Amino acid sequence: VGFVFAQPANNPCSGAISLTPGATCSYTLGTTQNATQSINGCTGNADDDVWYTFTATQVNHSIDVDGNGDFDAVFEVFSGTCASLTSLECVDLGLDGELETTDLFGLTVGVTYYIRVYEYFNNTAWPPSDWTFNICVYNYVDVCGDLVCGPTESCNSVDPGYCPDDCGTCSETPGTYLHPTSGLQGTYLGSCMVNIDCDITSVYY
């Protein structure tokens with residue numbers, strides 16, 4: 001006699017669990033145990049994906065997905081409907097049990113967006129010992145003087161390629177630049193890291 005284990009209710013896109021954006025991150029516990037693949041993954045093996053939705057309450061939101069134990073989380077954000085999804089972002093920067101996070105800019109208030117979460121590895125060959133994760137959607141906060149200048153900030157580039165520890169008028173235009181001291185080439189996309197050369201950030205493009 002074989003055993004059939006129940007799939008999570010949000011295994012199909014049509015069963016997506018609604019998340020309400022908060023002022024700060026307030027986690028909802030999720031699991032991918034016994035889930036199956038709905039569509040191809042953006043990276044890794046999406047053989048256990050589950051779905052969430054949120055309705056934008058402002059034009060910029062942040063999403064955190066934090067894997068528990070050895071759960072290596074991947075998440076993808078979509079616009080559209082279950083029948084016609086458009087991928088907006090694929091997030092997979094961390095490893096087992098590490099936080100995955102992204103900031104979404106230019107959303108439309110009142111529109112519903114979809115989030116798909118899955119564990120990176122082939123879960124038949126390498127199942128995690130912990131199938132759970134925590135997820136939240138919250139209001140993006142653009143703080144002057146934080147690590148990354150956001151859409152309502154700009155960098156004061158008195159010295160080409162340099163962002164001082166404040167917000168001012170950005171005179172640089174997006175393009176490819178050489179680091180003024182190291183000579184390394186980087187691409188400046190219109191945002192900057194405080195006290196680090198704009199064209200050479202912690203993420204290389």
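A disulfide, for today, is a pair of cysteine sulfur atoms within 2.5 Å. Keep in mind that the model above is predicted. Let me take them in turn.

Start with Cys 13 and Cys 82. Their sulfurs sit 2.0 Å apart, and a disulfide joins them. Which parts of the chain does this pair tie together? Cys 13 is in the segment before β1, which covers 17-19. Cys 82 is in the loop between β5 (73-81) and β6 (84-91). Now the handedness. The angle about the S-S bond is -85°, and the link of Cys 13 and Cys 82 is left-handed. Buried or exposed? The cut-off for buried is under 20% relative accessible area. Cys 13 has 11%, so Cys 13 is buried. Cys 82 comes in at 33% and counts as partly exposed.

Next, Cys 25 and Cys 136. This disulfide has an S to S distance of 2.0 Å. Where do the two cysteines lie? Cys 25 is in the loop between β1 and β2, with β2 at 28-31. Cys 136 is in strand β9, residues 132-139. That is a link between distant parts of the chain, 111 residues apart. Why do we call this disulfide left-handed? Because the torsion about the S-S bond of Cys 25 and Cys 136 is about -105°. On accessibility, Cys 136 is buried at 2%. Cys 25 is partly exposed at 28%.

Last, Cys 42 and Cys 90. The S to S distance here is 2.1 Å. Cys 42 sits in the loop between β2 and β3 (50-55). Cys 90 sits in strand β6. Left-handed or right-handed? The link of Cys 42 and Cys 90 is right-handed, with 70° about the S-S bond. How accessible are the partners? Cys 42 has a relative accessible area of 30% and is partly exposed. Cys 90 is partly exposed too, at 34%.

To recap the handedness: Cys 13 to Cys 82 is left-handed, Cys 25 to Cys 136 is left-handed, and Cys 42 to Cys 90 is right-handed. Thanks, that is the set.

Note on methods: Residues are numbered from 1 along each chain as its sequence is written. This is a predicted model: local features need pLDDT of at least 70, side-chain atom pairs count only at pLDDT 80 or more; totals for chains, interfaces and linings use all residues. Side-chain values use heavy atoms; hydrogens and water are left out. Helices (H or I, at least four residues) and strands (E, at least two) are DSSP runs, numbered from the N terminus. Buried means under 20% relative accessible area, exposed over 50%, partly exposed in between (1.4 Å probe, protein chains only).
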